[in-house]
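Please look at the sequence and the structure below. The text that follows takes a few of its features in turn.

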Amino acid sequence: MRLIDLLAEEPRIGVLECSRRLQVARGTVQARLDKLVGRGVIAGFGPDLGPAALGFTVTSFVTLEISQRHGHDPVTRHLSEIPEVLEAHTITGSGDLLCRIVARSNTDLQRVIDQIVAYEGITRASTIIALAEQIPYRVLPLLRSSVQ
C-alpha cells in the first residue's frame with residue numbers, strides 16, 4: 001500500500017527513489033512493482049489526460065440498444081473507431097451498452113451521436129449530458145478500505 005500511495009502521489013518517481021523513500025531494497029520495490037503490474041493492480045504508467053483541457057468540454061453518457069442479431073462485437077468495433085467514445089460497457093437493464101463520450105460542444109455532440117447511431121446494428125440511443133464531475137474516477141479509496 002505504501003508503494004501504491006507513493007506512486008499515486010508522484011507518478012514520475014523512479015524505482016530507486018521509491019526504494020530510498022520506503023527504506024527497502026531496490027530489488028524489493030522492483031519485485032513488488034512487477035507483481036502489482038502482473039496482477040493488473042497497476043494498469044498503466046501513462047499520463048492521465050483531461051479531455052476538457054484538450055477542448056472536449058462536453059461529457060455525456062449514451063445508452064445504446066443494439067440489434068440482437070448483430071451482437072456486441074461488431075457494434076464495439078464500430079464504437080472503437082470513434083475517438084470521442086472514451087469507454088463502453090455492456091450493461092443490464094433496458095439498454096445493451098453504456099458509453100462515455102466527449103465532444104467539443106453540444107453541436108459537436110450531435111455529430112458524435114449521429115456517427116454512433118449510423119451503424120445499422122444500433123437501434124436506439126439515449127443520451128444524458130453530464131453537467132459537472134463531482135467525484136472523478138478513483139480506485140485508491142477502494143484499495144485502502146480493502147486492506148484495512
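**Helix packing and a ring contact**

In this predicted model, helix α1 (residues 2-9) packs with helix α3 (residues 26-38) at an angle of about 80 degrees, and their axes are 11 Å apart. Angles of 65 to 115 degrees count as roughly perpendicular, so α1 is roughly perpendicular to α3.

Which residues in α1 and α3 meet? From α1 come Leu3, Ile4 and Leu7, and from α3 come Val29, Arg32, Leu33 and Leu36. Sorted by class, this contact of α1 with α3 has 6 nonpolar residues, 1 charged residue and no polar ones.

The UniProt record, an unreviewed entry, lists residues 1-57 as "domain: HTH asnC-type". In the model, the span of residues 1-57 is 51% helix and 0% strand. Its end C-alpha atoms lie 34 Å apart.

Aromatic rings come next. The structure holds 0 aromatic pairs. Phenylalanine 56 does have a charge over its ring: the charged end of arginine 104 sits there, 4.1 Å from the ring centre.

Technical notes:
Residues numbered from 1 in each chain as written. Predicted model: local features only at pLDDT ≥ 70, side-chain atom pairs only at ≥ 80, totals over all residues. Heavy atoms only, no water. Axes fitted to C-alpha atoms, helices over the stretch in contact; angles between N-to-C directions. Helix = DSSP H or I, 4+ residues; strand = E, 2+ residues; numbered from the N terminus. Parallel < 35°, antiparallel > 145°, perpendicular 65-115°, else oblique. Contact = heavy atoms within 4.5 Å. Nonpolar A, V, L, I, M, F, W, Y, C, P; charged D, E, K, R; others polar. UniProt positions renumbered as here; feature names shortened; annotations may be inferred. Phe/Tyr/Trp six-rings, centres within 6.5 Å; stacked < 30°, edge-to-face > 60°. Lys NZ or Arg CZ within 6 Å of the ring centre and 35° of its normal.
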